[in-house]
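My entries follow the structure.

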Amino acid sequence: MEEFAQFTVDGQRLYGMLHTPDGTPPASGWPSVVLLHGFTGQRVEPHRNFVLFSRLLASSGVASLRFDFRGSGESQGDFSEMTVSREVQDTVAAFEYMRRQPRLDPERVMLLGFSMGAMVASLSLAQVRPHRLALWAPALPELWLAHLRGGYMPSTITDMNGWPLGREFLMEVTRVRPLEAAAAWSGVAHVVHGDADETCPPEYGVRYAEALGCDATGIPGAGHTFDSLQAVEQLHQVTARFFMGG
């Protein structure tokens with residue numbers, strides 16, 4: 001079952017898709033996963049990765065919510081207003097939305113973040129307290145330091161390949177500490193990274209796994225968006241097995 005989802009943060013609407021398994025849920029409700037997309041991404045993601053993964057989860061008895069952060073995809077807001085802390089706010093609201101759903105287990109809401117979404121996921125841990133955490137190709141703040149042009153901070157908006165990147169984002173992203181946030185959390189986690197990722201090097205995934213004290217899976221030959229049919233299949237199977245407790 002797939003249905004349109006929406007919730008509000010600071011008066012702005014966020015839009016997404018809620019996937020739920022067919023049939024009668026367990027007495028406690030279905031477990032579920034909140035999916036966080038990457039920088040300049042949206043709730044579908046490359047190769048329809050989030051769509052296909054949500055459908056795989058639903059067929060395995062796990063519900064999911066994939067949504068657009070404010071200023072991305074179809075959600076309200078402008079990308080120039082986007083900051084890491086705003087996306088953490090959106091994540092908290094998404095968890096509140098899922099914990100209100102009548103057929104879902106409020107104690108078993110899990111979290112998946114891709115790229116910058118993985119960084120946001122780590123920074124959200126203390127507030128949302130997910131049942132389990134999975135990170136795909138997680139980003140670190142240094143990824144954006146190149147946009148500071150040798151320490152220069154733009155006064156307003158940077159034109160980043162047609163995206164209006166706000167000054168507040170660049171000011172904040174240099175200060176966030178996702179690895180510290182990950183290390184402070186004591187839950188169950190797993191990291192998946194492509195070993196040919198040139199956007200977020202595999203070293204990033206290793207650092208997250210060390211901070212979380214968890215296992216990591218490297219997918220041979222996979223780039224940042226897991227850009228082959230074999231890589232996508234492995235990514236989805238490994239992650240679904242993790243969320244189902246295997």
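I looked up Asp 10 and found it exposed, at a relative accessible area of 61%; buried means under 20%, exposed over 50% and partly exposed in between, with a 1.4 Å probe and protein chains only. Asp 10 lies in the loop between β1 (2–9) and β2 (12–19), and its phi is near 50 degrees, a positive value in a residue other than glycine. Helices (H or I, at least four residues) and strands (E, at least two) are DSSP runs, numbered from the N terminus.

I note that this is a predicted model, in which local features need pLDDT of at least 70 and side-chain atom pairs count only at pLDDT 80 or more, while totals for chains, interfaces and linings use all residues. Residues are numbered from 1 along each chain as its sequence is written, and side-chain values use heavy atoms, with hydrogens and water left out.

I checked Ser 115 next: its phi, near 55 degrees, is also positive. Ser 115 sits in the loop between β5 (104–114) and α3 (116–128) and is buried at 7% relative accessibility.

I then counted nine salt bridges, each a side-chain nitrogen of Lys or Arg within 4 Å of a carboxyl oxygen of Asp or Glu. Arg 55 pairs with Glu 2, the closest N and O atoms being 2.8 Å apart. Arg 55 lies in helix α1 (residues 49–59) and Glu 2 in strand β1, so the pair ties together parts 53 residues apart in sequence.

I recorded a salt bridge between Asp 10 and Arg 70 at 3.9 Å, N to O. Arg 70 is buried, at 2% relative accessibility.
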